[in-house]
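This report covers salt bridges, helix packing and the nonpolar core.

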Amino acid sequence: MNTPLKRVTREEAENVALQAFSFLTSDEERLERFLAVSGLQPDTIRSAASSPGFFAGILDYVVADEPLLVALAKELNTKPEHIMEAHWTLSPSEFE
């Protein structure tokens with residue numbers, strides 16, 4: 001039986017997204033792939049980070065790649081479900 005995701009606070013979800021971004025930028029290969037998929041450039045990240053959907057976009061990217069999601073969860077010493085809960089808070093489904 002699937003357990004429904006619980007909501008985490010927006011602050012907690014943004015913190016998870018910030019940790020995810022740090023994880024992505026700590027490895028050149030992960031960063032290059034993120035930039036290629038997101039369309040961002042190293043010189044546009046700072047301005048993009050101030051946009052309201054930036055944190056949601058980071059978690060959208062992470063949860064779309066299961067091996068990356070699992071690696072991030074391991075790095076953060078948490079369960080992938082916690083990252084999914086943060087994603088759900090920042091990018092709620094239109095079908096809730």
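## Salt bridges

Arg33 is partly exposed, at a relative accessible area of 43% (buried is under 20%, exposed over 50%, partly exposed in between, with a 1.4 Å probe and protein chains only). This is a predicted model, in which local features need pLDDT of at least 70 and side-chain atom pairs count only at pLDDT 80 or more, while totals for chains, interfaces and linings use all residues. Residues are numbered from 1 along each chain as its sequence is written, and side-chain values use heavy atoms, leaving out hydrogens and water.

Two salt bridges are counted (a side-chain nitrogen of Lys or Arg within 4 Å of a carboxyl oxygen of Asp or Glu). Arg33 pairs with Asp65, with the closest N and O atoms 3.5 Å apart. Arg33 lies in helix α2 and Asp65 in the loop between α4 and α5, so the pair ties together parts 32 residues apart in sequence. Helices are DSSP runs (H or I, at least four residues), numbered from the N terminus.

Glu14 forms a salt bridge with Arg10, the closest N and O atoms being 3.3 Å apart. Both lie in helix α1, four residues apart, about one turn of the helix.

## Nonpolar core

The largest nonpolar core has 27 residues (buried Ala, Val, Leu, Ile, Met, Phe, Trp, Tyr and Cys joined through side-chain atoms within 4.5 Å). Phe34, Leu40, Ile58, Leu59, Val62 and Ile83 have the most contacts inside this core. Elements giving two or more residues to the core include α1 (10–25) and α5 (66–76).
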